[in-house]
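Me: Could you help me learn to read a few features of a model? I'd like the general idea each time, then the case at hand.

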Amino acid sequence: YSYTAGANGTLNSTEGTPMAYYPADGDIDIVSWSPYDVQENFSVQTDQTSDANYKLSDLMYASAENCTYDGGIVPLRYAHKMSKLNVNVIKEDGISEITAITLKDVQCSAHVDLMTGEVTTAETDDTHPLKDITVANNGAVVFPPQELGGQFLVVSTPTGDATFTIEEQEFVVNGEYTLTVYLNSVAIGETTAIGNWDEDGNTEVKPEDDKNRIVIGAFEDEPYTWTGN
């Protein structure tokens, strides 16, 4: 059956589709998901800079058990089945533009049990390789629950790329996290976020420690020498 949902929750059948009715006796279970065309093998979009692709990636699921014809309206409460990361990059001195933000090496595929809503992230193999996901600044990215660590986020600017690394972090179903990064021209390079997200799902990276700074741009009086460190 195919229906169009109205703003007030009513369902209207499309042309040629009959309305469904409860059985006279007994009860039924109702399951629902969004996007509507989700299949058991689900993958998030690798470009989530647009609202449309973000919505296609934001898998939601709802269910109601033991529903009867005289039980009244059935409320369906949807739960997010992916993990969500809010990304905020704040430009400081020397940074005129952010050209791209990339979340590195993410498993983008999962198996969805459409009868229970259980999500199982795919094992990484030739069929399900790790991929990068691009995200808009001050936006969000969603992906299957998994553990991520090491090189985590790359912020691209006309001056160069900044790669931010994190310790191993478990991203869970329906978990929401916020990463705030302060970026200036002295801190272009690799910066380590020491520690983990706090209890509220937030972490902040600010380039205050000289050991985390790599300069890109004009040399000063004495040229820098690459030491391998």
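Me: How many bridges join strand 4 to strand 10?

Reply: Strands of a sheet pair through backbone hydrogen bonds, either parallel or antiparallel. In this predicted model, three bridges join strand 4 to strand 10 (residues 109–112), and the two run antiparallel. Two strands pair if DSSP finds at least two bridges between them; strands are DSSP runs of E, at least two residues, numbered from the N terminus. For example, N41 has H111 of strand 10 as its bridge partner.

Me: Which strands stand at the edges?

Reply: The open sheet has three strands in the order 4-10-11, paired antiparallel. Strand 4 (41–43) and strand 11 (119–121) each have a single partner strand, so one side of each lacks a neighbour in the sheet. From one strand to the next, the twist averages 35°, taken between axes fitted to C-alpha atoms, with angles from 0 to 180 degrees between N-to-C directions.

Me: Is N184 buried or exposed?

Reply: Buried means under 20% relative accessible area, exposed over 50%, partly exposed in between (1.4 Å probe, protein chains only). N184 is buried, at 13%, and lies in the loop between strand 16 (176–183) and strand 17 (190–193).

Me: What is the mean pLDDT of the chain?

Reply: pLDDT is the predictor's confidence in each residue, from 0 to 100. The chain's mean is 84, and 81% of its residues reach 70 or more. Residues are numbered from 1 along each chain as its sequence is written. Local features need pLDDT of at least 70, side-chain atom pairs count only at pLDDT 80 or more, totals for chains, interfaces and linings use all residues, and side-chain values use heavy atoms, leaving out hydrogens and water.

Conventions:
Helix = DSSP H or I, 4+ residues; strand = E, 2+ residues; numbered from the N terminus.
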